[in-house]
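Reader: I have the sequence and the fold open side by side. Could you walk me through a few spots in it?

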Amino acid sequence: MKNFFNLIRVKHWIKNLFVFAPLLFSKNLFNKSFFLQTFVSFILLSLLTSGLYVFNDIKDLENDKLHPIKKERPLAKGIFSKNFALIISISFILISLIFSFFLNYKLTLLFIFYIFINILYTIYFKKIVIIDVFVIALNFILRILTGSIATGINISSWLILCTLFLSLFLGFSKRRFEIISLKENANRHREVLSSYSVDFLDKIIVVLSTSTILSYALYTVSIETKEKFGESLVYTIPFVIYGILRYLYLIYKTNEGEPTKLVTSDIPLILTITFWIITSIIFIYR
(Lines give C-alpha, C1' and ligand atoms only; values in the text may rest on other atoms or scores of the structure.)
Protein backbone atom coordinates (compact mmCIF):
# COMPACT_ATOMS: atom_id res chain seq x y z
CA MET A 1 0.00 0.00 0.00
CA LYS A 2 2.88 2.37 0.79
CA ASN A 3 4.39 1.74 -2.64
CA PHE A 4 1.03 2.38 -4.27
CA PHE A 5 0.68 5.71 -2.44
CA ASN A 6 4.18 6.60 -3.58
CA LEU A 7 3.24 5.68 -7.14
CA ILE A 8 0.29 8.08 -7.19
CA ARG A 9 2.29 10.64 -5.14
CA VAL A 10 -0.20 11.24 -2.36
CA LYS A 11 2.27 13.65 -0.72
CA HIS A 12 1.83 15.99 -3.67
CA TRP A 13 -1.89 16.27 -2.96
CA ILE A 14 -0.93 19.06 -0.57
CA LYS A 15 -0.57 21.31 -3.65
CA ASN A 16 -4.26 20.80 -4.36
CA LEU A 17 -5.20 22.51 -1.10
CA PHE A 18 -5.12 25.69 -3.17
CA VAL A 19 -8.68 24.78 -4.21
CA PHE A 20 -9.77 25.96 -0.75
CA ALA A 21 -8.40 29.49 -1.29
CA PRO A 22 -11.61 30.89 -2.88
CA LEU A 23 -13.58 29.43 0.03
CA LEU A 24 -11.31 31.05 2.63
CA PHE A 25 -11.17 34.52 1.10
CA SER A 26 -14.89 34.69 0.28
CA LYS A 27 -15.94 34.18 3.92
CA ASN A 28 -17.52 30.83 3.04
CA LEU A 29 -15.11 28.51 4.81
CA PHE A 30 -17.80 27.48 7.30
CA ASN A 31 -20.55 27.16 4.71
CA LYS A 32 -21.23 23.41 4.81
CA SER A 33 -22.55 23.19 1.25
CA PHE A 34 -19.64 25.12 -0.27
CA PHE A 35 -17.12 23.28 1.88
CA LEU A 36 -18.46 19.89 0.74
CA GLN A 37 -18.36 20.96 -2.92
CA THR A 38 -14.78 22.20 -2.50
CA PHE A 39 -13.72 19.05 -0.70
CA VAL A 40 -15.16 16.85 -3.46
CA SER A 41 -13.38 18.96 -6.10
CA PHE A 42 -10.16 18.56 -4.08
CA ILE A 43 -10.50 14.76 -4.16
CA LEU A 44 -11.31 14.72 -7.88
CA LEU A 45 -8.42 17.05 -8.70
CA SER A 46 -6.09 14.90 -6.59
CA LEU A 47 -7.11 11.79 -8.54
CA LEU A 48 -6.57 13.68 -11.78
CA THR A 49 -3.11 14.93 -10.81
CA SER A 50 -2.14 11.46 -9.57
CA GLY A 51 -3.14 9.99 -12.92
CA LEU A 52 -1.01 12.56 -14.72
CA TYR A 53 1.95 11.98 -12.37
CA VAL A 54 1.83 8.28 -13.17
CA PHE A 55 1.63 9.06 -16.90
CA ASN A 56 4.70 11.27 -16.56
CA ASP A 57 6.56 8.49 -14.69
CA ILE A 58 5.76 6.02 -17.47
CA LYS A 59 7.13 8.38 -20.12
CA ASP A 60 10.28 9.22 -18.11
CA LEU A 61 10.85 5.69 -16.80
CA GLU A 62 14.29 5.12 -18.30
CA ASN A 63 15.61 8.52 -17.24
CA ASP A 64 14.20 8.08 -13.72
CA LYS A 65 16.17 4.85 -13.34
CA LEU A 66 19.37 6.88 -13.64
CA HIS A 67 18.23 9.73 -11.36
CA PRO A 68 19.70 9.70 -7.79
CA ILE A 69 16.29 10.43 -6.23
CA LYS A 70 13.69 9.41 -8.81
CA LYS A 71 15.22 5.94 -9.12
CA GLU A 72 13.56 5.16 -5.78
CA ARG A 73 10.08 5.65 -7.23
CA PRO A 74 8.03 2.41 -7.35
CA LEU A 75 7.84 2.32 -11.15
CA ALA A 76 11.56 2.97 -11.62
CA LYS A 77 12.39 0.28 -9.05
CA GLY A 78 10.23 -2.24 -10.93
CA ILE A 79 7.73 -2.71 -8.09
CA PHE A 80 4.87 -2.07 -10.52
CA SER A 81 4.75 -2.86 -14.24
CA LYS A 82 4.21 -0.22 -16.90
CA ASN A 83 0.88 -1.83 -17.86
CA PHE A 84 -0.39 -1.64 -14.28
CA ALA A 85 0.75 1.98 -14.01
CA LEU A 86 -0.99 2.81 -17.29
CA ILE A 87 -4.25 1.27 -16.04
CA ILE A 88 -4.02 3.32 -12.83
CA SER A 89 -3.26 6.50 -14.79
CA ILE A 90 -6.20 6.10 -17.19
CA SER A 91 -8.58 4.97 -14.42
CA PHE A 92 -7.83 7.93 -12.15
CA ILE A 93 -8.18 10.42 -14.99
CA LEU A 94 -11.50 8.92 -16.18
CA ILE A 95 -12.93 8.78 -12.64
CA SER A 96 -12.11 12.44 -12.05
CA LEU A 97 -13.67 13.48 -15.37
CA ILE A 98 -16.85 11.44 -14.93
CA PHE A 99 -17.58 12.53 -11.36
CA SER A 100 -16.64 16.15 -12.01
CA PHE A 101 -19.38 16.28 -14.65
CA PHE A 102 -22.00 15.49 -11.99
CA LEU A 103 -20.59 18.24 -9.77
CA ASN A 104 -20.31 20.91 -12.49
CA TYR A 105 -19.79 20.40 -16.21
CA LYS A 106 -17.58 23.51 -16.27
CA LEU A 107 -15.28 21.70 -13.86
CA THR A 108 -15.01 18.85 -16.36
CA LEU A 109 -13.99 21.32 -19.07
CA LEU A 110 -11.37 22.78 -16.73
CA PHE A 111 -10.03 19.27 -15.99
CA ILE A 112 -9.82 18.53 -19.73
CA PHE A 113 -7.81 21.72 -20.20
CA TYR A 114 -5.62 20.70 -17.23
CA ILE A 115 -4.96 17.32 -18.86
CA PHE A 116 -4.21 18.94 -22.22
CA ILE A 117 -1.71 21.41 -20.71
CA ASN A 118 0.06 18.77 -18.63
CA ILE A 119 0.37 16.27 -21.47
CA LEU A 120 1.87 19.06 -23.59
CA TYR A 121 4.17 19.85 -20.67
CA THR A 122 5.32 16.23 -20.40
CA ILE A 123 5.92 15.97 -24.14
CA TYR A 124 7.06 19.46 -25.10
CA PHE A 125 6.84 22.42 -22.66
CA LYS A 126 9.18 20.88 -20.08
CA LYS A 127 11.99 21.30 -22.63
CA ILE A 128 11.50 25.07 -23.10
CA VAL A 129 13.39 27.37 -20.74
CA ILE A 130 11.20 29.61 -18.51
CA ILE A 131 8.01 28.36 -20.19
CA ASP A 132 8.44 25.09 -18.27
CA VAL A 133 8.07 26.89 -14.94
CA PHE A 134 5.23 29.09 -16.20
CA VAL A 135 3.24 25.94 -16.99
CA ILE A 136 3.81 24.78 -13.40
CA ALA A 137 2.54 28.17 -12.19
CA LEU A 138 -0.49 27.83 -14.47
CA ASN A 139 -1.31 24.55 -12.72
CA PHE A 140 -1.55 26.36 -9.39
CA ILE A 141 -3.87 28.95 -10.88
CA LEU A 142 -6.02 26.14 -12.31
CA ARG A 143 -6.21 24.68 -8.81
CA ILE A 144 -7.69 27.93 -7.54
CA LEU A 145 -10.08 28.05 -10.48
CA THR A 146 -11.17 24.51 -9.58
CA GLY A 147 -12.35 25.72 -6.18
CA SER A 148 -14.01 28.73 -7.77
CA ILE A 149 -15.90 26.75 -10.41
CA ALA A 150 -16.94 24.00 -7.98
CA THR A 151 -18.71 26.53 -5.74
CA GLY A 152 -19.49 29.37 -8.12
CA ILE A 153 -17.45 31.75 -5.97
CA ASN A 154 -15.79 34.62 -7.83
CA ILE A 155 -12.08 35.03 -7.13
CA SER A 156 -10.08 38.19 -6.72
CA SER A 157 -7.42 39.17 -9.24
CA TRP A 158 -5.16 39.68 -6.21
CA LEU A 159 -5.46 35.98 -5.40
CA ILE A 160 -4.39 35.07 -8.93
CA LEU A 161 -1.48 37.52 -8.81
CA CYS A 162 -0.17 36.31 -5.44
CA THR A 163 -0.49 32.69 -6.53
CA LEU A 164 1.36 33.39 -9.79
CA PHE A 165 4.35 35.00 -8.09
CA LEU A 166 4.51 32.38 -5.33
CA SER A 167 4.32 29.42 -7.71
CA LEU A 168 6.95 30.93 -10.02
CA PHE A 169 9.21 31.49 -7.01
CA LEU A 170 8.83 27.87 -5.92
CA GLY A 171 9.25 26.57 -9.47
CA PHE A 172 12.51 28.38 -10.22
CA SER A 173 13.81 27.49 -6.75
CA LYS A 174 13.23 23.84 -7.62
CA ARG A 175 15.16 24.23 -10.88
CA ARG A 176 18.09 25.65 -8.87
CA PHE A 177 17.94 22.67 -6.52
CA GLU A 178 17.96 20.26 -9.46
CA ILE A 179 21.05 21.85 -11.02
CA ILE A 180 22.96 21.75 -7.74
CA SER A 181 21.89 18.25 -6.67
CA LEU A 182 22.34 16.60 -10.08
CA LYS A 183 25.58 18.48 -10.89
CA GLU A 184 27.16 17.28 -14.15
CA ASN A 185 24.21 14.92 -14.77
CA ALA A 186 21.62 17.72 -14.63
CA ASN A 187 21.21 18.06 -18.40
CA ARG A 188 20.93 14.32 -18.77
CA HIS A 189 17.99 14.02 -16.38
CA ARG A 190 16.14 17.19 -17.39
CA GLU A 191 17.00 18.62 -20.80
CA VAL A 192 15.87 22.16 -20.01
CA LEU A 193 18.44 22.49 -17.20
CA SER A 194 21.11 23.03 -19.86
CA SER A 195 19.47 26.41 -20.53
CA TYR A 196 19.61 27.48 -16.88
CA SER A 197 22.50 28.42 -14.62
CA VAL A 198 22.66 28.91 -10.86
CA ASP A 199 23.59 32.58 -11.29
CA PHE A 200 20.65 33.22 -13.64
CA LEU A 201 18.21 31.42 -11.33
CA ASP A 202 19.51 33.34 -8.29
CA LYS A 203 18.57 36.61 -10.01
CA ILE A 204 15.11 35.30 -10.91
CA ILE A 205 14.53 34.05 -7.37
CA VAL A 206 15.37 37.48 -5.91
CA VAL A 207 12.89 39.17 -8.25
CA LEU A 208 10.10 36.66 -7.59
CA SER A 209 10.56 36.47 -3.81
CA THR A 210 10.32 40.27 -3.67
CA SER A 211 7.30 40.28 -5.99
CA THR A 212 5.55 37.65 -3.86
CA ILE A 213 5.95 39.66 -0.66
CA LEU A 214 4.98 42.96 -2.30
CA SER A 215 1.91 41.56 -4.07
CA TYR A 216 0.61 40.07 -0.82
CA ALA A 217 1.37 43.25 1.13
CA LEU A 218 -0.43 45.40 -1.46
CA TYR A 219 -3.38 42.98 -1.37
CA THR A 220 -3.78 43.37 2.40
CA VAL A 221 -3.86 47.18 2.18
CA SER A 222 -5.95 47.44 -1.00
CA ILE A 223 -9.30 49.21 -0.86
CA GLU A 224 -11.07 46.00 -1.89
CA THR A 225 -9.54 44.08 1.02
CA LYS A 226 -10.22 46.80 3.58
CA GLU A 227 -13.87 47.00 2.54
CA LYS A 228 -14.25 43.25 2.79
CA PHE A 229 -12.13 42.31 5.82
CA GLY A 230 -11.12 45.57 7.47
CA GLU A 231 -7.47 46.46 8.08
CA SER A 232 -6.50 43.50 10.30
CA LEU A 233 -5.19 41.30 7.46
CA VAL A 234 -2.09 43.50 7.25
CA TYR A 235 -0.88 41.82 10.45
CA THR A 236 -0.43 38.53 8.57
CA ILE A 237 2.33 40.05 6.43
CA PRO A 238 5.14 39.09 8.88
CA PHE A 239 4.24 35.40 8.44
CA VAL A 240 4.55 35.73 4.66
CA ILE A 241 7.87 37.56 4.91
CA TYR A 242 9.29 35.04 7.36
CA GLY A 243 8.03 32.11 5.25
CA ILE A 244 9.75 33.46 2.12
CA LEU A 245 12.97 34.25 4.00
CA ARG A 246 12.96 30.83 5.65
CA TYR A 247 12.55 29.20 2.25
CA LEU A 248 15.43 31.28 0.87
CA TYR A 249 17.56 30.21 3.82
CA LEU A 250 16.84 26.55 3.10
CA ILE A 251 17.61 26.73 -0.62
CA TYR A 252 20.84 28.70 -0.13
CA LYS A 253 22.19 27.27 3.12
CA THR A 254 21.05 23.65 2.88
CA ASN A 255 20.81 23.42 -0.93
CA GLU A 256 17.25 22.14 -0.69
CA GLY A 257 14.52 23.23 -3.08
CA GLU A 258 11.85 20.56 -3.39
CA PRO A 259 8.69 22.49 -2.34
CA THR A 260 6.61 19.48 -1.27
CA LYS A 261 9.41 18.11 0.89
CA LEU A 262 10.20 21.44 2.56
CA VAL A 263 6.62 22.42 3.45
CA THR A 264 5.97 18.98 4.94
CA SER A 265 9.25 18.46 6.81
CA ASP A 266 10.68 21.82 7.90
CA ILE A 267 9.13 22.63 11.28
CA PRO A 268 9.57 26.44 11.12
CA LEU A 269 7.90 26.49 7.70
CA ILE A 270 5.06 24.26 8.87
CA LEU A 271 4.48 26.48 11.92
CA THR A 272 4.61 29.65 9.81
CA ILE A 273 2.03 28.35 7.35
CA THR A 274 -0.16 27.12 10.22
CA PHE A 275 -0.03 30.47 12.05
CA TRP A 276 -0.74 32.34 8.80
CA ILE A 277 -3.83 30.19 8.19
CA ILE A 278 -5.09 30.58 11.77
CA THR A 279 -4.57 34.34 11.91
CA SER A 280 -6.09 34.82 8.46
CA ILE A 281 -9.20 32.90 9.51
CA ILE A 282 -9.46 34.94 12.71
CA PHE A 283 -9.11 38.30 10.91
CA ILE A 284 -11.43 37.36 8.04
CA TYR A 285 -14.17 35.72 10.11
CA ARG A 286 -13.97 37.67 13.34
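This is a predicted model: local features need pLDDT of at least 70, side-chain atom pairs count only at pLDDT 80 or more; totals for chains, interfaces and linings use all residues.

Reader: Is Phe 140 buried or exposed?

Author: The relative accessibility of Phe 140 is 10%. The cut-off for buried is under 20%. So Phe 140 counts as buried.

Reader: Which kind of aromatic pair do Phe 18 and Phe 140 form?

Author: The two ring centres of Phe 18 and Phe 140 are 5.1 Å apart, with 75° between the planes. Planes over 60 degrees apart get their own label. That makes the pair of Phe 18 and Phe 140 edge-to-face.

Reader: How many residues apart are Phe 18 and Phe 140?

Author: Phe 18 is in the loop between helix H1 and helix H2, while Phe 140 is in helix H7. The pair links distant parts of the chain, and the separation is 122 residues.

Reader: What about Phe 25 and Trp 276: which parts of the chain does that pair tie together, and how far apart are they in sequence?

Author: Those two rings make a tilted pair, 6.3 Å centre to centre with 45° between the planes. Phe 25 is buried, at 13% relative accessible area. Phe 25 lies in the loop between H2 and helix H3 and Trp 276 in helix H14, so the parts tied together are 251 residues apart.

Reader: Which residues form one aromatic cluster with Phe 25 and Trp 276?

Author: The structure holds 20 aromatic pairs. Besides Phe 25 and Trp 276, the cluster takes in Trp 158, Tyr 216 and Tyr 219.

Reader: Switching to helices, how do H5 and H6 run relative to each other, roughly parallel or roughly antiparallel?

Author: Their axes come within 6 Å and cross at roughly 150°. Angles over 145 degrees fall in one class. So H5 is roughly antiparallel to H6.

Reader: What sort of residues make the contact of H5 with H6?

Author: From H5 they include Ile 93, Leu 97 and Phe 101, and from H6 they include Phe 111, Ile 112 and Ile 115. Sorted by type, the contact has three polar, no charged and nine nonpolar residues.

Reader: Last one: which residues does Val 263 touch, leaving out those up to four places away in sequence?

Author: Val 263 lies in helix H13 and is partly exposed, at 25% relative accessible area. With those sequence neighbours left out, Val 263 touches Ile 14, Ile 270 and Ile 273.

Methods: Residues are numbered from 1 along each chain as its sequence is written. Side-chain values use heavy atoms; hydrogens and water are left out. Axes are lines fitted to C-alpha atoms, for helices over the stretch in contact, and angles run from 0 to 180 degrees between N-to-C directions. Helices (H or I, at least four residues) and strands (E, at least two) are DSSP runs, numbered from the N terminus. Angles under 35 degrees count as roughly parallel, over 145 as roughly antiparallel, 65 to 115 as roughly perpendicular and the rest as oblique. Contact means heavy atoms within 4.5 Å. Ala, Val, Leu, Ile, Met, Phe, Trp, Tyr, Cys and Pro count as nonpolar, Asp, Glu, Lys and Arg as charged, and the others, Gly among them, as polar. Rings of Phe, Tyr and Trp (its six-membered ring) pair if their centres lie within 6.5 Å; planes under 30 degrees apart count as stacked, over 60 as edge-to-face and the rest as tilted. Buried means under 20% relative accessible area, exposed over 50%, partly exposed in between (1.4 Å probe, protein chains only).
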